[in-house]
Amino acid sequence: MPPTSSAASTAACAAAAGAGAAAKAAPLSRAVFAPRRWHERGAANHGWLKTFHTFSFASYHDPRFEDFGPLRVLNEDRVAPRTGFPTHPHSNAEIFSYVLSGELTHKDSLGNVEVLKRGEVQFTSAGSGIRHSEYNDHPSEAVHFLQIWYTPDQRNLPPKYYTHPQISDAAKRDVLLTLIRPASTFTAQELSLTGLLPAGRAIPAHAALVTRASLLSPRAKVTHQVGGETGEKEGERWVYVHLAMSSGWKDPDVYRAALRKAVQGNQSHKDRLAHAANFLEHVYGEAPDWSTTAKSQDGSEHAARKMEKQQARPQVTLTFAQSIDGFIAGPGKKQVALSAPESFVMTHAMRTMHDGILVGVGTLKSDDPQLNARLLNPLPSGEAPSLASLPRPIVLDTSLLTPLEAKILANHAAGTGARPLLVTSVGGAHAARAGWAERRAALTEAGAEILEVPSSATDAAQLDWKAVLAALDGAGIKRLMVEGGASVISSLLCAHSASSDEPLIDTLIVTISRQALGAGESYVAPTWLARTLLPGSVKTSRRGKARALLSKTPSAEPFGMDFVLAWGGGAPPSAAQATVRVGETVLEEGDGVFVRQARVGETLEIENLSARDAEM
Ligand SMILES: NC(=O)C1=CN([C@@H]2O[C@H](COP(=O)(O)OP(=O)(O)OC[C@H]3O[C@@H](n4cnc5c(N)ncnc54)[C@H](O)[C@@H]3O)[C@@H](O)[C@H]2O)C=CC1
Ligand SMILES: Nc1nc(O)c(N)c(N[C@@H]2O[C@H](COP(=O)(O)O)[C@@H](O)[C@H]2O)n1
């Protein structure tokens, strides 16, 4: 069994072994990450005790989560004032409490009595047997702490008790502070000390496991060197990282009930709007203007923070819907309603947060879309979306083949749609072709604006995306939503993946329908995306390896029968709760992640993505 190590501080721990080692530092190459989501952990609310169990414990039993190397228990407990765990026995376990807030009174049969506060640790090597109690004697404040057990590598050792002087927040800020190391890494003289240890001295554990804690400032990063404290030169190690639920207890029953409701798809129109607005606020860091959450307390002003724009191109969202087997339309490009009603509402809500919605001329001809926000009607105010809030329809149409009867032109002419923008090329062969000038004149007459993008290619059927985006930015499109179809999705994904200097896509939102089409229209996904979206029908491109720039762990949200996956976003997901990135995985408070197949000498980076401190 490979040893483990844990990073603790907002929550907790890592484990294992091998000190020293100073192999050359390199990022994890083969490691496998398995998130342990907070709402999937065992949980109990007994009133006096609210607890989450990462591993089987008490009445929670899941054979998939019995232990992780020598790490046997990781409980996150909140104990109400004047209650606690009365005296009970332990043997052959190394038991460790780490207080996050409040006070925990610990008494044991060795005669130790201690009131632990934030940053204090008590560690009991139960060995052949002890009895102890853990109680919250405070009159009004709950105690929030992590309790962690290791399985010792020797049985029936003499019982021992250790504690640290209180560890200040400053001592663990933006570092990984080692709390516990294997006994094998201590000298005999160091091992002879028990009880209160000198400041800065780690506690020895009879397990091949290192436990570290951190308090990460907003945007700060720390790096865990695998095996860095245990002296081994090579081998495989496991790591577990737990992000503590520091901003307050979350009720898993409420979460699961909301999930069930969303999946059942029985929401009212009003609930669908609210759900869409909440989701988009999570993705973009601001809510749509029309939603109730976008209003300030007096109900008048938009209170949300605007995304900061740093480059001379619009903020770009790529979004589309696909069947579970990877098709975006049926055979013969037949338009299919893949999105459930709930996701369609979310897509229309997203449209109102953008200045323009771009499709290729292929989609315009096959679907004749309207690209408006009609599914939001009525808004919470009781009104229909205003003309001013509607995005401009944008068509990539180098040959100007947009039909004059297109709905986007008719809507604009009728005063119910924004002015369409047709993107064509200059400097290519298209403009020289028969009828181009006439079509240009007729489309302009029908109300379209023509945007000419310079092209150096002789046949400019494929425009350079950077040039397209720069031209759209110049035309006042500061937020662009790209909807499809197949060629546009493929070419933008490939251009993004191949762009080594700057990303082209800021946010990617994919609606995954449960429908299987079996055959139809698919798109080319770069490898990093194809791996997540799985479908065998999606063709993969090796170019995609160049830029897996969007967070590799998307957030997933049920909308009716669909799941919507969102990568990236213009803002941190939430200022209210901490969010951290551990290697490739994004954790929210209460989540953990199992990392297997890490190698001694490799490095695991942990970054606080949020605007508040994160405790591990
Ligand atoms: N499920 C979904 O979310 C969506 C599905 N669709 C489906 O997609 C299908 C249409 O796909 P396609 O035929 O591939 O049409 P398309 O909408 O991708 O348009 C293709 C045309 O766009 C232009 N184009 C594409 N990339 C370009 C570039 N880099 N520079 C200049 N011009 C460029 C070219 O004129 C090309 O012929 C339809 O079946 C439609 O129903 C369309 C949008 C969304
Ligand atoms: N989000 C989404 N889900 C589906 O199931 C779809 N078929 C599409 N298609 C896109 O939406 C356009 C239609 O827009 P309007 O409803 O006419 O405004 C269509 O042309 C595709 O771009 N999207």
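Predicted model: local features only at pLDDT ≥ 70, side-chain atom pairs only at ≥ 80, totals over all residues.
Residues are numbered from 1 along each chain as its sequence is written, and chains are lettered from A and ligands numbered from 1 in the order in which they are written. Local features need pLDDT of at least 70, side-chain atom pairs count only at pLDDT 80 or more, and totals for chains, interfaces and linings use all residues, while side-chain values use heavy atoms, with hydrogens and water left out.

Pockets and cavities were searched on a 1 Å grid over the protein atoms alone. A pocket is an open set of points with protein on both sides within 12 Å along at least five of seven lines. A cavity is a set of points where a 1.4 Å probe fits but cannot get out. Lining residues have an atom within 4 Å of a point. At least two lining residues come from each of β22, α5, β23 (356-360), α6, α9 (465-474), β27 and α10. Helices (H or I, at least four residues) and strands (E, at least two) are DSSP runs, numbered from the N terminus. By class, the pocket lining has 22 nonpolar, 19 polar and 9 charged residues. Ala, Val, Leu, Ile, Met, Phe, Trp, Tyr, Cys and Pro count as nonpolar; Asp, Glu, Lys and Arg count as charged; the others, Gly among them, count as polar.

Ligand 1 sits in the second largest pocket. A molecule sits in a pocket or cavity if more than half of its atoms lie within 2 Å of its grid points. The shell around ligand 1 holds 25 residues, where a residue is near if one of its heavy atoms lies within 4 Å. Lys333, Thr363, Leu463, Gly485 and Ser487 come nearest. The elements β22 (315-322), α6 (361-367), β27 (479-484) and α10 (486-498) each supply at least two shell residues. α6 gives the most, with 5 residues. The shell has 12 nonpolar, 10 polar and 3 charged residues.

Polar contacts (pairs of N or O atoms within 3.5 Å; within protein, one must be able to donate a hydrogen and the other to accept it, and residues adjacent in sequence count only if both atoms are side-chain atoms) were then listed. For ligand 1, backbone N or O atoms feature in several. That of isoleucine 328 lies 2.9 Å from a ligand nitrogen. That of glycine 360 lies 3.3 Å from a ligand oxygen. That of valine 488 lies 3.0 Å from an oxygen atom of ligand 1. On its own, ligand 1 has 860 Å² of accessible area, and the protein covers 88% of it. Accessible areas come from the Shrake-Rupley method with a 1.4 Å probe; for residues, only the protein chains shown count as cover.

The space taken by ligand 2 is also the second largest pocket. Ligand 2 is surrounded by 18 residues, with Leu338, Ser339, Arg351, Gln370 and Arg374 closest. Both α5 (341-351) and α6 supply at least two shell residues. The largest share, 3 residues, comes from α5. By class, this shell has 8 nonpolar, 6 polar and 4 charged residues.

A polar backbone atom of valine 336 is 2.9 Å from a nitrogen atom of ligand 2. Side chains also take part. An N or O atom in the side chain of arginine 351 is 2.8 Å from a ligand oxygen. A polar side-chain atom of glutamate 483 lies 3.3 Å from an oxygen atom of ligand 2. Taken alone, ligand 2 exposes 520 Å², of which the protein buries 88%.

Backbone geometry was inspected next. The peptide bond from glycine 484 to glycine 485 is cis, with omega near 0 degrees. Glycine 485 is in the loop between β27 and α10. It is among the residues nearest ligand 1. Lysine 333, another of these, has a positive phi near 60 degrees. Lysine 333 lies in the loop between β22 and α5. A cis peptide bond also joins asparagine 377 and proline 378, with omega about -5 degrees. Proline 378 is in the loop between α6 and β24 (392-396).

The whole structure has 3 cavities of 30 Å³ or more.

How values were computed: Points joined across faces, edges and corners; volume = space filled by probe spheres on them.
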